[in-house]
Amino acid sequence: TGKLVTFGMDRPAGAGTFIENGRLYFTNGERATELMPREMVGLRGEHNLLNVLAACAMAISAGIPVESIQAGVRDFYGVEHRLSPENGDRKGFLNRA
C-alpha cells in the first residue's frame, strides 16, 4: 500500500513538505521538521521552489537523511545552459533550453 505525501506552499493537512516564514519543512501530519532555509535553494522562481519541495517530499519518504537532502539542494544550481548569465551580467539571463 502506498502513502500519500504532498508538497506545496501551504502546510498540508497530512504528510508533506511546505514553506513557512522563509523555511522549508516536512510534516508527518502531526509534527513539522525544518529542512532548510529558503536561501539554501539556489534556483530562481517559485516553480523551482515547488520542484525542490517535491524532491524533498520524495526523498524523506524514501528515508534519505535531512543532511543528505540539504547537501543535494545546496549543491544543485540547475541544468547547464538553462538560465545562464548573459555575458556575465547577473541582471540578464538567457534560457538556452
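In what order do the strands of the open sheet of four strands run, and with what pairing? The order is 1-2-3-4, and the pairing is mixed. Strands count as paired if DSSP finds at least two bridges between them.

This is a predicted model, in which local features need pLDDT of at least 70 and side-chain atom pairs count only at pLDDT 80 or more, while totals for chains, interfaces and linings use all residues. Residues are numbered from 1 along each chain as its sequence is written, and side-chain values use heavy atoms, with hydrogens and water left out.

**The whole chain**

Start with a cartoon view. The chain has two helices and six strands, in the order β-β-β-β-α-α-β-β from the N terminus. Helices (H or I, at least four residues) and strands (E, at least two) are DSSP runs, numbered from the N terminus. Of the 97 residues, 29% are buried, where buried means under 20% relative accessible area, exposed over 50%, and partly exposed in between (1.4 Å probe, protein chains only).

Next, select residues 16-20 and 23-27. These are strand 2 and strand 3, which run antiparallel and are joined by five bridges. Isoleucine 19 stands opposite leucine 24 of strand 3. In the loop between these two strands is asparagine 21. Its phi is near 55°, a positive value in a residue other than glycine. Most residues other than glycine have a negative phi. Is asparagine 21 buried or exposed? Asparagine 21 is exposed, at 73% relative accessible area.

Move on to strand 3 and strand 4, which also pair in the antiparallel sense, over five bridges. Phenylalanine 26 has threonine 33 in strand 4 as its bridge partner. Four residues lie between the strands of this hairpin, where glycine 29 takes a positive phi near 105°.

Select threonine 17, in strand 2. This residue counts as buried because its relative accessibility is 0%. Leaving aside neighbours within four places in sequence, its contacts (heavy atoms within 4.5 Å) include Phe7, Tyr25, Leu35 and Leu53.

Then select valine 5, in the segment before strand 1. Valine 5 is partly exposed, at 21% relative accessibility. With neighbours within four places in sequence left aside, its contacts are Ala15, Gly16, Phe26, Ala57 and Ser61. From valine 5 to glycine 29 the distance is 9.6 Å, C-alpha to C-alpha, across 24 residues in sequence.

Finally, find the second largest pocket, which holds about 170 Å³ of space. Of its 13 lining residues, Val52, Ala55, Ile69, Gly72 and Val73 are the closest to its centre. Helix 1 (46-61) and helix 2 (66-74) are the elements that give two or more residues to the lining. On a 1 Å grid over the protein atoms alone, a pocket is an open set of points where a 1.4 Å probe fits, with protein on both sides within 12 Å along at least five of seven lines; lining residues have an atom within 4 Å of a point. The volume is the space filled by probe spheres set on the points, which are joined across faces, edges and corners.
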